[in-house]
Amino acid sequence: MTVDGAVLQLCPLLPSLESALRTHHHTVRLSDQPDPTAYLAAHGQEFAAAITSARIGVPDEVMDALPRLGAIVHFGVGYETTDVARARARGIDVSNTPDVLTDCVADLAVGGLIDVMRGLAAADRHVRRGAWPGGGVPLATKVSGKRIGILGLGRIGQAIATRLTGFGVDLAYHSRNPVEGVPYRYFGSPAALAAEVDALVVAVAGGGDTRGLVSAEVLDALGPEGFLVNVSRGSVVDEPALVKALVDGKLAGAALDVFVDEPHVPSPLLDLDNVLLLPHIASATRETREAMGELAFQNLHQFLTEGTLRTPVP
């Protein structure tokens, strides 16, 4: 079943993906329009599909301006920036790009954990500013053999666990429900998990259901010798509580790839040597981004040519 209509591109995308869109489908970049609101009011009925990034999504007002919209395709695994329930109520299908970024996100989570526990970036800064002749850096924390908790044992969480197994760590986790067939200990709440581990790695999906899941209570349970790694979404962590815990010495350190108001990072964190700050780069490798672009295009093309999506969101 061929779906008739144009494609609305809401934001800049990977060059290879944009090239494929231009080559195979009539695609309009909304950002190219001098007055996007006026353009949608005049042409919104022409679009059958929209393609966007996980960071931008499709705002409600844009969705409402597209009366014939049948599919929303996300470049990225996240889709919390789009009101999926609102879309489904209108019969709009929604897709994302799962699996293809699992390895790189898991790799970075483990790298961030090692960095913050061993103080690698801090030691690098120590050498670069010429401080080594005046003395070494403080002793760090061993990674191997530690108790590591994973918050969210989905695809990415399990990939993180698999990698950490090689370090001989004691793994435990919390998810909405116990995961069948895994050997790791399950805890019934994030706070219960945090109280029993040396480091907590956050790998849950973003969105309203997980907003503030890592609360002040969870951070208190993790304690002054505990470490936090977040490769999910900034909204999952109570950011003011995290900043306070780090500034007050109530947490040993954190590796953060995501923040509530990206690209803005809370200024108190900038001066802390025990915090690794990354600009949301967990999936930012050439291989993974190209795979994400290819899957996003496959979703869009399959919808317009067959009326279905390859990887609809659950």
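By class, how many nonpolar, polar and charged residues are in the lining of the second largest pocket? Let us start there and then walk through the rest of the fold. This is a predicted model, in which local features need pLDDT of at least 70 and side-chain atom pairs count only at pLDDT 80 or more, while totals for chains, interfaces and linings use all residues. Residues are numbered from 1 along each chain as its sequence is written, and side-chain values use heavy atoms, with hydrogens and water left out.

The lining of that pocket has 13 nonpolar, four polar and five charged residues. Here Ala, Val, Leu, Ile, Met, Phe, Trp, Tyr, Cys and Pro count as nonpolar, Asp, Glu, Lys and Arg as charged, and the others, Gly among them, as polar. The second largest pocket holds about 370 Å³ of space. Of its 22 lining residues, Val116, Arg118, Gly119, Ala122 and Ala140 lie nearest the centre. Two or more lining residues come from each of helix 5 (102–118), helix 6 (120–128) and strand 12 (275–277), and helix 6 gives the most, with five residues. Helices (H or I, at least four residues) and strands (E, at least two) are DSSP runs, numbered from the N terminus.

How is such space found? Rolling a probe the size of a water molecule over the atoms shows where empty space is left. On a 1 Å grid over the protein atoms alone, a cavity is a set of points where a 1.4 Å probe fits but cannot get out, and a pocket is an open set with protein on both sides within 12 Å along at least five of seven lines; lining residues have an atom within 4 Å of a point. Grid points are joined across faces, edges and corners, and a volume is the space filled by probe spheres set on the points.

The search of the whole structure also finds one cavity of 30 Å³ or more. The largest cavity has a volume of about 50 Å³, and its lining has six nonpolar, two polar and one charged residues. Asn230, Gly234, Val237, Glu239, Leu242, Leu256, Val258, Phe259 and Leu269 line this cavity.

Two of those names lead us to helix 10 (residues 239–247), where Glu239, Ala241, Leu242, Val243, Ala245 and Leu246 are buried. Buried means under 20% relative accessible area, exposed over 50%, and partly exposed in between (1.4 Å probe, protein chains only). The buried residues of helix 10 pack against helix 9 (216–222), strand 10, strand 11 and strand 12; contact means heavy atoms within 4.5 Å. After helix 10 comes Gly249, with a positive phi near 75°.

Two strands pair if DSSP finds at least two bridges between them. Inside this sheet, strand 9 (residues 199–202) and strand 10 (residues 227–230) pair in the parallel sense over four bridges, and Leu200 has Leu228 of strand 10 as its bridge partner.

Strand 1 runs parallel to strand 3 (residues 47–53), joined by four bridges, with Leu8 opposite Ala50. Strand 1 also pairs with strand 2 (residues 27–29) in the parallel sense over three bridges, where Gln9 stands opposite Arg29. Together with helix 1 (residues 15–24), strands 1 and 2 make a right-handed β-α-β unit. Right-handed means that, with the strands pointing away from the viewer, the path from the first strand over the helix to the second runs clockwise.

Ser95, in strand 5 (residues 93–95), is buried with a relative accessible area of 0%. Leaving aside neighbours within four places in sequence, the contacts of Ser95 include Ile72, His74, Asn299 and Pro312.

Most residues other than glycine have a negative phi, and most peptide bonds are trans. Asp99, in the loop between strand 5 and helix 5, has a positive phi of about 70° and is partly exposed at 47% relative accessibility. His280 has a positive phi of about 55° and is partly exposed at 30%. A cis peptide bond joins Glu262 and Pro263, with omega about 10°; Pro263 is in the loop between strand 11 (253–256) and strand 12.
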